[in-house]
Amino acid sequence: MSTAQIAFLKGHGTENDFVIIPDHDGLLELSPAAVARLCDRRAGIGADGVLRVVRSAAHPEARAMAGEAEWFMDYRNADGSIAEMCGNGVRVFARYLQQAGLTGAGDLAVATRAGVRRVHVAKDGPEGAGEITVDMGRALLPGGEVTVCVGGRHWPAVHVDMGNPHAVCFVDDLADAGSLLTAPAVAPAGAYPDGVNVEFVVDRGPRHVALRVHERGSGETRSCGTGACAVMVAAARRDGCDPAVTGLPVTYTVDVPGGRLVIGERPDGTVEMTGPAVIVAEGVLDAAWLTQPAATPAA
Ligand SMILES: N[C@@H](CCC[C@H](N)C(=O)O)C(=O)O
């Protein structure tokens, strides 16, 4: 490949979609503007975020994890901001590694800014179609009163940290969240100094919920893996269920606009998420296009 071209792939997990940039030796300067350009749905490739694939040993933020996880998921939101973790992204990242022959089917570890995540790629089903399970680590519930406000309506929210921040609120109808074209207001103002992902949740049946999500840095998306895990834990606590107390694992089905995730919590507190991950396309892009200055908006 000429130095003027950059290879990319496009993939999604429950329709949370990503541009994947293989940069195994960490040579690419991926500025926030370049990420926003890639994710632009009209002038770029279009995605909710970017997954840069870098050897852990080649990235300063991941070097310490290189002994445990060969590959680092350098995740960026669509606006170019950096996030600690992306649950759907980890599954898509693992699918890329598997299909690129960089890891076999079965178990692997992925380094993320939230730490190492262990992934199991199922062997069943046609090539690339098996579900992927990720050990998402423990959910933290720092407590405190948080309120989410949309269109003059207010809901109490549960603050859940899945490596990244979430505010989970239970609503009567997913339409109550409105258009979600702008970020919901969250109070108190200092509750999330680095911004927050907001989930709106309704019940669908016993241990079965559905959500809409407004993601920090990406807007409303069709799915959010960390958000679905935060929702599962918030729903379980609301339902009076804490595996650390009962000693029994619990599993919820979490429907998202783009599909379905199955999420469990174990007595040791770890959360496990299972869902699909698909690579849909690959190609090359012009490095000069990626790095050119942003166009001036027409008057
Ligand atoms: N879609 C992701 C979460 C991506 C990061 C999030 N927008 C943030 O800023 O924390 C997921 O599947 O978890």
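Predicted model: local features only at pLDDT ≥ 70, side-chain atom pairs only at ≥ 80, totals over all residues.
Trainee: What confidence does the predictor give the chain as a whole?

Mentor: The mean pLDDT is 95, and 95% of the residues reach 70 or more. The model also scores ipTM 0.99 and pTM 0.96.

Trainee: Why is the ligand said to lie between the domains?

Mentor: Look at who supplies its shell: domain 1 and domain 2 both give residues to it, so the ligand lies between them. The shell has 19 residues, with A83, N88, N164, G225 and T226 the closest. Helix 2 (87-99) and helix 3 (225-238) each provide at least two shell residues.

Trainee: Which residues carry the "active site" annotation?

Mentor: C86 and C224, according to an unreviewed UniProt entry. They are spread over 139 residues of sequence, yet they cluster in space, with a largest C-alpha distance of 7.6 Å.

Trainee: Why is C86 called buried?

Mentor: The label needs 20 or more other C-beta atoms within 10 Å. C86 has 31 such neighbours, so it counts as buried. You will find C86 in the loop between strand 4 and helix 2. Leaving out residues up to four places away in sequence, C86 touches G49, Y75, G225 and T226.

Trainee: What makes C224 buried or exposed?

Mentor: Apply the cut-off of 20 again. C224 has 35 other C-beta atoms within 10 Å, so it is buried. C224 sits in the loop between strand 14 (219-221) and helix 3. Setting aside neighbours within four places in sequence, its contacts are N16, N88, N197, V213 and E215.

Trainee: How do you know that helix 1 is mostly covered?

Mentor: Count its buried residues: six of the eight in helix 1 (residues 32-39) have that label. They are A34, V35, A36, R37, L38 and C39.

Trainee: What covers the buried residues of helix 1?

Mentor: The cover includes strand 2 (16-22), strand 3 (49-55), strand 4 (71-77) and helix 5 (287-291).

Note on methods:
Residues numbered from 1 in each chain as written. pLDDT = per-residue confidence, 0-100. Buried ≥ 20, exposed ≤ 12 C-beta atoms within 10 Å, placed from the backbone. Helix = DSSP H or I, 4+ residues; strand = E, 2+ residues; numbered from the N terminus. Contact = placed C-beta atoms within 7 Å. Near = placed C-beta within 6 Å. Domains from an automatic or database assignment. UniProt positions renumbered as here; feature names shortened; annotations may be inferred.
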